[in-house]
Amino acid sequence: MSVTACSGGSTPPPGSPPTASQNPAGSPTPSATPTPTASYKPADATGKARNVPVPELPEAAKAETKEGAMAFASYWFSLLSYGYESGDLKILGTVTSSACEPCEKAKDVIQAWHSEGRWLVGGKISTPSISTEFTKSAEATYQVVVQAHQTPLTYVRADGSIARRDPQPDDTGNLLFVAFKNGAWSLVDVGRIVA
(Lines give C-alpha, C1' and ligand atoms only; values in the text may rest on other atoms or scores of the structure.)
Protein backbone atom coordinates (compact mmCIF):
# COMPACT_ATOMS: atom_id res chain seq x y z
CA MET A 1 0.00 0.00 0.00
CA SER A 2 1.44 3.35 -0.96
CA VAL A 3 1.14 6.47 1.14
CA THR A 4 -0.15 9.55 -0.68
CA ALA A 5 -0.25 13.22 0.20
CA CYS A 6 -3.30 14.49 2.07
CA SER A 7 -4.69 16.01 -1.16
CA GLY A 8 -6.59 12.80 -1.79
CA GLY A 9 -4.97 12.35 -5.22
CA SER A 10 -3.59 9.10 -6.49
CA THR A 11 0.06 8.15 -6.44
CA PRO A 12 1.75 8.87 -9.80
CA PRO A 13 3.42 5.98 -11.58
CA PRO A 14 7.11 5.46 -10.72
CA GLY A 15 9.42 7.74 -12.70
CA SER A 16 6.80 10.39 -13.56
CA PRO A 17 7.64 14.02 -12.76
CA PRO A 18 5.95 15.61 -9.72
CA THR A 19 2.84 17.62 -10.38
CA ALA A 20 2.22 21.12 -9.08
CA SER A 21 -0.01 19.73 -6.28
CA GLN A 22 2.80 17.40 -5.15
CA ASN A 23 5.58 20.02 -5.29
CA PRO A 24 4.14 23.50 -5.67
CA ALA A 25 6.32 25.99 -7.53
CA GLY A 26 8.63 27.83 -5.26
CA SER A 27 8.67 25.29 -2.42
CA PRO A 28 12.05 23.60 -2.06
CA THR A 29 12.25 19.85 -2.16
CA PRO A 30 13.26 18.63 1.29
CA SER A 31 16.67 17.00 1.45
CA ALA A 32 18.61 15.28 4.18
CA THR A 33 20.98 17.59 5.97
CA PRO A 34 24.32 16.01 6.76
CA THR A 35 25.11 15.83 10.44
CA PRO A 36 28.01 18.14 11.13
CA THR A 37 31.09 16.35 12.41
CA ALA A 38 33.21 18.02 15.02
CA SER A 39 36.41 19.23 13.46
CA TYR A 40 39.82 18.04 14.55
CA LYS A 41 41.93 20.53 16.49
CA PRO A 42 45.51 19.56 17.36
CA ALA A 43 46.84 20.39 20.81
CA ASP A 44 48.60 23.72 21.12
CA ALA A 45 49.62 26.20 23.81
CA THR A 46 45.96 27.08 24.43
CA GLY A 47 44.62 23.58 25.09
CA LYS A 48 44.32 19.87 24.49
CA ALA A 49 43.68 18.24 21.14
CA ARG A 50 40.02 17.77 20.30
CA ASN A 51 38.25 15.25 18.05
CA VAL A 52 41.46 13.37 17.24
CA PRO A 53 40.69 10.83 14.49
CA VAL A 54 40.89 7.28 15.85
CA PRO A 55 43.19 5.06 13.75
CA GLU A 56 41.38 2.25 11.95
CA LEU A 57 42.78 -1.25 11.64
CA PRO A 58 43.80 -1.74 8.00
CA GLU A 59 42.17 -4.67 6.19
CA ALA A 60 45.63 -6.14 5.48
CA ALA A 61 46.33 -6.27 9.25
CA LYS A 62 43.59 -8.85 9.70
CA ALA A 63 45.60 -11.67 8.11
CA GLU A 64 48.66 -13.67 9.16
CA THR A 65 50.73 -12.61 6.17
CA LYS A 66 53.89 -10.59 5.62
CA GLU A 67 51.75 -7.64 4.52
CA GLY A 68 49.53 -8.17 7.57
CA ALA A 69 52.47 -8.02 9.98
CA MET A 70 53.75 -4.80 8.40
CA ALA A 71 50.27 -3.22 8.31
CA PHE A 72 49.79 -4.09 11.98
CA ALA A 73 53.18 -2.56 12.90
CA SER A 74 52.18 0.70 11.20
CA TYR A 75 48.77 0.58 12.90
CA TRP A 76 50.38 0.00 16.31
CA PHE A 77 52.53 3.13 15.93
CA SER A 78 49.48 5.11 14.79
CA LEU A 79 47.72 4.03 18.02
CA LEU A 80 50.74 5.13 20.05
CA SER A 81 50.72 8.47 18.22
CA TYR A 82 46.98 8.78 18.88
CA GLY A 83 47.68 8.11 22.55
CA TYR A 84 50.26 10.89 22.78
CA GLU A 85 47.81 13.31 21.20
CA SER A 86 44.53 12.28 22.84
CA GLY A 87 45.55 10.53 26.05
CA ASP A 88 43.32 7.60 25.04
CA LEU A 89 45.22 4.31 25.37
CA LYS A 90 42.29 1.86 25.41
CA ILE A 91 42.74 0.45 21.91
CA LEU A 92 46.54 0.41 22.24
CA GLY A 93 46.14 -1.60 25.44
CA THR A 94 44.04 -4.24 23.69
CA VAL A 95 46.77 -4.98 21.12
CA THR A 96 49.83 -4.65 23.38
CA SER A 97 51.19 -7.16 25.90
CA SER A 98 51.45 -5.78 29.42
CA ALA A 99 54.83 -7.58 29.58
CA CYS A 100 56.27 -5.05 27.08
CA GLU A 101 58.29 -2.79 29.42
CA PRO A 102 59.04 0.04 26.94
CA CYS A 103 55.34 0.10 26.04
CA GLU A 104 54.31 0.36 29.70
CA LYS A 105 56.80 3.21 30.28
CA ALA A 106 55.43 5.15 27.29
CA LYS A 107 51.85 4.57 28.50
CA ASP A 108 52.76 5.82 31.99
CA VAL A 109 54.16 9.07 30.56
CA ILE A 110 51.11 9.57 28.36
CA GLN A 111 48.66 8.88 31.20
CA ALA A 112 50.50 11.17 33.61
CA TRP A 113 50.56 14.08 31.16
CA HIS A 114 46.91 13.69 30.24
CA SER A 115 45.73 13.87 33.86
CA GLU A 116 44.97 16.73 36.24
CA GLY A 117 44.33 19.12 33.35
CA ARG A 118 47.75 18.66 31.72
CA TRP A 119 48.35 17.83 28.07
CA LEU A 120 50.96 17.09 25.43
CA VAL A 121 51.62 19.05 22.24
CA GLY A 122 53.24 17.27 19.30
CA GLY A 123 54.73 13.80 19.52
CA LYS A 124 53.03 12.58 16.34
CA ILE A 125 54.62 9.40 15.02
CA SER A 126 54.98 8.27 11.42
CA THR A 127 56.60 5.11 10.06
CA PRO A 128 58.57 5.91 6.88
CA SER A 129 60.02 2.41 6.58
CA ILE A 130 58.76 -1.04 7.64
CA SER A 131 60.15 -4.46 6.70
CA THR A 132 60.07 -8.07 7.84
CA GLU A 133 61.53 -11.41 6.82
CA PHE A 134 58.26 -12.91 8.13
CA THR A 135 59.91 -15.89 9.81
CA LYS A 136 58.08 -17.29 12.85
CA SER A 137 60.27 -17.84 15.92
CA ALA A 138 60.05 -20.69 18.40
CA GLU A 139 58.01 -18.32 20.60
CA ALA A 140 55.50 -17.93 17.72
CA THR A 141 56.42 -14.30 17.09
CA TYR A 142 57.51 -12.48 13.98
CA GLN A 143 60.07 -9.68 13.92
CA VAL A 144 59.20 -6.43 12.15
CA VAL A 145 61.76 -3.66 11.67
CA VAL A 146 60.22 -0.19 11.82
CA GLN A 147 61.80 3.22 11.30
CA ALA A 148 59.80 5.62 13.48
CA HIS A 149 59.78 9.40 13.17
CA GLN A 150 58.34 11.45 16.05
CA THR A 151 57.76 15.21 16.08
CA PRO A 152 59.04 17.26 19.05
CA LEU A 153 57.01 16.93 22.24
CA THR A 154 55.98 19.71 24.62
CA TYR A 155 54.65 18.99 28.12
CA VAL A 156 52.05 21.56 29.22
CA ARG A 157 50.81 22.09 32.78
CA ALA A 158 47.13 22.68 33.59
CA ASP A 159 47.74 26.44 33.85
CA GLY A 160 49.13 26.49 30.30
CA SER A 161 52.77 26.90 31.34
CA ILE A 162 55.42 24.78 29.63
CA ALA A 163 56.96 22.15 31.90
CA ARG A 164 59.40 20.77 29.34
CA ARG A 165 60.18 20.68 25.64
CA ASP A 166 61.80 17.64 24.08
CA PRO A 167 63.88 18.42 20.99
CA GLN A 168 63.26 16.72 17.67
CA PRO A 169 64.40 13.13 18.32
CA ASP A 170 66.45 11.22 15.79
CA ASP A 171 64.49 8.70 13.78
CA THR A 172 64.79 5.40 15.58
CA GLY A 173 65.01 1.84 14.39
CA ASN A 174 62.62 -0.39 16.30
CA LEU A 175 62.38 -4.16 16.37
CA LEU A 176 58.81 -5.23 17.03
CA PHE A 177 57.95 -8.75 18.14
CA VAL A 178 54.39 -9.44 17.01
CA ALA A 179 52.19 -12.50 17.30
CA PHE A 180 49.05 -13.61 15.47
CA LYS A 181 46.63 -15.43 17.78
CA ASN A 182 42.87 -16.01 17.61
CA GLY A 183 42.66 -14.18 14.29
CA ALA A 184 44.35 -10.96 15.42
CA TRP A 185 47.82 -9.42 15.73
CA SER A 186 49.28 -8.16 19.00
CA LEU A 187 52.57 -6.59 20.01
CA VAL A 188 54.54 -8.80 22.39
CA ASP A 189 57.64 -6.62 22.84
CA VAL A 190 59.67 -3.88 21.21
CA GLY A 191 63.35 -3.03 21.27
CA ARG A 192 65.44 -0.23 19.86
CA ILE A 193 67.91 -1.06 17.10
CA VAL A 194 71.26 0.54 17.88
CA ALA A 195 73.66 1.06 15.00
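First, a word on sources. This is a predicted model, in which local features need pLDDT of at least 70 and side-chain atom pairs count only at pLDDT 80 or more, while totals for chains, interfaces and linings use all residues. Residues are numbered from 1 along each chain as its sequence is written, and side-chain values use heavy atoms, with hydrogens and water left out.

Let me begin with the sheet of 3 strands. This open sheet has the order β1-β4-β5, with antiparallel pairing. Helices (H or I, at least four residues) and strands (E, at least two) are DSSP runs, numbered from the N terminus. Two strands are said to pair if DSSP finds at least two bridges between them. Because β1 and β5 stand at the edges with a single partner strand each, one side of each has no neighbour in the sheet. From one strand to the next, the twist averages 15°. For such angles, axes are lines fitted to C-alpha atoms, for helices over the stretch in contact, and the angles run from 0 to 180 degrees between N-to-C directions.

How is each strand joined to β4? Strand β1, residues 119-122, pairs with β4 in the antiparallel sense over 4 bridges. Within this pairing, W119 has V156 as its bridge partner in β4, and V121 stands opposite T154. On the β5 side, 4 bridges join β4 to β5, residues 162-166, and these strands run antiparallel. Here T154 stands opposite R165.

Are the faces of strand β4 covered or open? In a regular strand the side chains alternate between the two faces of the sheet. In β4, residues 153-156, both faces are covered: L153 and Y155 on one side, and T154 and V156 on the other, are all buried. Buried means under 20% relative accessible area, exposed means over 50%, and partly exposed lies in between (1.4 Å probe, protein chains only).

The hairpin of β4 and β5 has 5 residues between the strands, and G160 in this hairpin takes a positive phi near 90°. Most residues other than glycine have a negative phi, and most peptide bonds are trans. Two residues may be viewed against that background. N51 is not a glycine, yet has a positive phi of about 55°. N51 lies in the segment before α1 and is partly exposed, with a relative accessible area of 42%. A140, also a residue other than glycine, has a positive phi near 65°. A140 is found in the loop between β2 and β3 and, at 31% relative accessibility, counts as partly exposed.

I now turn to the sheet of 4 strands. This is an open sheet with the order β2-β3-β6-β7 and antiparallel pairing. Its edge strands are β2 and β7, each of which pairs on one side only. Neighbouring strands of this sheet are turned by 35° against each other on average, direction ignored. Within the sheet, β3 and β6, the latter at residues 172-181, pair in the antiparallel sense over 7 bridges. In that pairing, V144 has L176 as its bridge partner in β6.

Which strands does α1 lie across? The helix lies across β2, β3, β6 and β7, and runs at about 165° to β2. Contact here means heavy atoms within 4.5 Å.

My last topic is charge. Side chains of opposite charge can pair when their charged atoms come close. A salt bridge is a side-chain nitrogen of Lys or Arg within 4 Å of a carboxyl oxygen of Asp or Glu. How many salt bridges does a search of the whole structure find? The search gives 8, and I shall describe some of them.

One of these joins the side chains of E85 and K124, at 4.0 Å from N to O. The pair links distant parts of the chain, with E85 in helix α1, residues 66-86, and K124 in the loop between β1 and β2, 39 residues apart. E85 is buried at 9% relative accessibility, whereas K124 is partly exposed at 38%.

Another is formed by D166 and R164, at 2.9 Å from N to O. D166 is partly exposed, with a relative accessible area of 24%, and R164 is partly exposed at 44%. The side chains of D44 and K41 also meet in a salt bridge, at 3.4 Å from N to O. D44 is partly exposed, with a relative accessible area of 29%.

Thank you for your attention.
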